[in-house]
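Here are a few notes to read alongside the model. Have it open and follow the points in order.

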Amino acid sequence: MELALPQISEPLKLWERIEIVVADGDDQGLYLARIEDFMADGIVISNPEFKEGQTLLRDHSEVVVLVIKEDAVYQFYSLLNKMEISGKTLFVLTLPREIQRVQRRQFVRIDVIHNVSFANLGAKDIEQETVWHDTVSINFSGGGLALKTDESIQPQQIVLVKSEIFSRLKVPQPVAAICRRSFWQEEQADTGVEIIRNDNLPHYFYREELERLPKSVSEFDHSAQNRLVTYVFQQQIELRKKGLI
């Protein structure tokens, strides 16, 4: 049994996993449930399982329902009603009036450990003179990554970065990245860097500096960035399906 809804790429299916958010901001509560049946005016779900947050789910609560599909995450507003039918308690969501497609870039960061190498980039550096430091990532997104560093990289400092993820996705490397944050934790620095796309390079380098950088720095374009976005989004979908995030 399925329920086709406008603006969603695939029908809702029995036993499909959904997320339910009640309230918003810092007080919101997150619940997990599965679809058990379809009614003429609602969607029957399993007893929602509390995952995290502050606000408890109650009868007649106004909620946001998140449905995870292969191409995107969809959300709609609904009312959760608790019904007693033939001695059985049912949890029923009202059918959505409007469905929104949540853009992938809002769901791009995942915690993942991969081998990464970075190099501090000085004004006179060229690829042959670059000294590389091996480390691991903390998390990844379509726009950048966080990594462990043995030495503190100061905010606004530019580095070159290589990664096994880049190799896997055929993303040109090394890429240039600018440090957005860095703080020490247990004798190591957690450093967040934003990858500089080729159309933004003139904001950070003079023309003669660009000519001395590895060619791959200028090859990180929208297409390469979208490969990263797609990879991270697909990984997050898999983690959500397994209940790990």
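**Notes on a few residues**

1. Start with Ser86, which sits in the loop between strand E8 (73–85) and strand E9 (88–94). Helices (H or I, at least four residues) and strands (E, at least two) are DSSP runs, numbered from the N terminus. This is a predicted model, where local features need pLDDT of at least 70, side-chain atom pairs count only at pLDDT 80 or more, and totals for chains, interfaces and linings use all residues. Residues are numbered from 1 along each chain as its sequence is written, and side-chain values use heavy atoms, with hydrogens and water left out.

2. Now the backbone: Ser86 has a positive phi, near 55 degrees, and is not a glycine. Lys170, in the loop between H1 and E16, also isn't a glycine and has a positive phi of about 60 degrees. Most residues other than glycine have a negative phi, and most peptide bonds are trans.

3. Speaking of which, Gln173 and Pro174 are joined by a cis peptide bond, with omega about 5 degrees. You'll find Pro174 in the loop between helix H1 (164–168) and strand E16 (175–185).

4. Is Thr191 buried or exposed? Thr191 is buried because its relative accessibility is 0% (buried means under 20% relative accessible area, exposed over 50%, partly exposed in between, with a 1.4 Å probe and protein chains only). Ser86, at 80%, is exposed, and Lys170, at 69%, counts as exposed too.

5. Thr191 belongs to strand E17 (residues 188–195). Leaving out residues up to four places away in sequence, Thr191 touches several residues, including Leu145, Ile153 and Cys179 (contact means heavy atoms within 4.5 Å).
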